[in-house]
Amino acid sequence: MDNRIVELASHELDLHPEARLHDLYKLFYQGTFGPSHIMEDQAVALRFLAEEIDCDEFDQVLWQDVSYMENFFRINFVIVKNRQVLIDDLFRALVASSRIGATLSHDEWKEEWYRIESVLRDSLPEEIFTPESSMVVKEAVEGGKLVHHSASYKRSYHPHYRVISREWFERLIGTTY
């Protein structure tokens, strides 16, 4: 598992060099739990999806494998905006994918995150571990919450995506990615 931690984080930093610790936390959280947090109220989730697709700036990364404990992909909304994938199909993928994530307790996730963080501290550059980012992550882990991307990540990459299962990703995008 340590190799997967380093591989996943290194790939994220290759794609998004401005990422900080809380961006990595979000990556591992999504790669474990999928979209379940965002799908608690499906009507709200659909409204936010429609609003966010209307954005004008998108990350250059069209999709990203974020699989950690489960098999999930981030799919960029530009794919929906360009009508390569229909919004209804993406929403179906979100609903189905929200049932797949790991079922760790709060304490189990805390333990897993602190193990991940330890591996990251041994293998990544120090500048990722800013005091602000470390505090945001600590509060999220202790409170059992997901975090938003860091300001530098948002400014640099305009992340507008959702996380779906590998199965749904392959249905929507194909297996030749």
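Three strands build an open sheet, ordered β1-β2-β3, with antiparallel pairing. The model is predicted.

**The sheet**

Two strands sit at the edges: β1 (63-65) and β3 (161-165). Each of these edge strands pairs on one side only. From one strand to the next, the twist averages 25°. How many bridges join β1 and β2? The two strands pair over three bridges, in the antiparallel sense.

| β1 | 63-65 |
| β2 | 72-76 |
| β3 | 161-165 |

**A helix across the sheet**

Which strands does helix α5 lie across? Helix α5 spans residues 87-97 and lies across β2 and β3. Its direction makes an angle of about 60° with β3.

**A helix pair**

Now look at helices α6 and α7. Helix α6 covers residues 106-123, and helix α7 covers residues 131-143. They pack at an angle of about 155°. Their axes are 9 Å apart. Angles over 145 degrees count as roughly antiparallel, so α6 is roughly antiparallel to α7.

Which residues make the contact? From α6 come H106, K110, W113, Y114 and R121. From α7 come S134, V137, K138, V141, E142 and G143. By type, the residues of this contact divide into four nonpolar, three polar and four charged.

Notes: Residues numbered from 1 in each chain as written. Predicted model: local features only at pLDDT ≥ 70, side-chain atom pairs only at ≥ 80, totals over all residues. Heavy atoms only, no water. Axes fitted to C-alpha atoms, helices over the stretch in contact; angles between N-to-C directions. Helix = DSSP H or I, 4+ residues; strand = E, 2+ residues; numbered from the N terminus. Parallel < 35°, antiparallel > 145°, perpendicular 65-115°, else oblique. Contact = heavy atoms within 4.5 Å. Nonpolar A, V, L, I, M, F, W, Y, C, P; charged D, E, K, R; others polar. Pairing = 2+ DSSP bridges.
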